[in-house]
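Visitor: Could you take me through this structure? I would like to begin with one of its helices.

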Amino acid sequence: MSAFNKFKASVPIAWSPNLYITLVRGIPGTRRLHRRTLEALRLRKCNRTVMRWNTPTVRGMLQQVKRLVAVETEEMFKARKANEAEHRALRPPIVISHLPASGTDSSKQP
């Protein structure tokens, strides 16, 4: 499954007062009406997220450009951001010793 399809598969199930809308497809090559709708939603660049109230007007706009955007509820957005932050968190360094083990001394040859 591509990243785009996996992202689109996480559609909001529960009602939420706020919707987080992410532009996941590029604007070039789209219809003028779709470009104007994205402009009204303040989505100008790919992979940018905006928060809008869950109103019938906004849902109608999203229905018009549903193939270009991914919609998340507040809980889904926070969970995704926490997961990304955890993935980017600093990890302890891996220490590799290239010295010979102290029990076997390589200087003594039989």
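Visitor: What do the buried residues of α2 pack against?

Guide: In this predicted model, the buried residues of α2 pack against β1, α3 (56-64) and β3. Contact means heavy atoms within 4.5 Å. Helices (H or I, at least four residues) and strands (E, at least two) are DSSP runs, numbered from the N terminus.

Visitor: Which residues of helix α2 are buried?

Guide: His34, Thr37 and Leu38 are the buried residues of helix α2 (residues 32-40). They cover an arc of only 100 degrees around the axis, so they lie on the same side of α2. The arc is that of the directions from the helix axis to the C-beta atoms. Buried means under 20% relative accessible area, exposed over 50%, and partly exposed in between (1.4 Å probe, protein chains only).

Visitor: And which exposed residues sit on the face turned away?

Guide: That face of α2 carries Arg32, Leu33 and Arg36.

Visitor: Now the sheet: what is the strand order?

Guide: The order is β2-β1-β3, in an open sheet with antiparallel pairing. β2 (49-53) and β3 (69-73) are the edge strands, each with a single partner strand, so one side of each has no neighbour in the sheet. Two strands pair if DSSP finds at least two bridges between them.

Visitor: How many bridges join β1 to β2?

Guide: Five bridges join β1 (residues 18-23) to β2; tyrosine 20 has methionine 51 in β2 as its bridge partner.

Visitor: How should I read the numbering and the values?

Guide: Residues are numbered from 1 along each chain as its sequence is written. Local features need pLDDT of at least 70 and side-chain atom pairs count only at pLDDT 80 or more, while totals for chains, interfaces and linings use all residues; side-chain values use heavy atoms, leaving out hydrogens and water.
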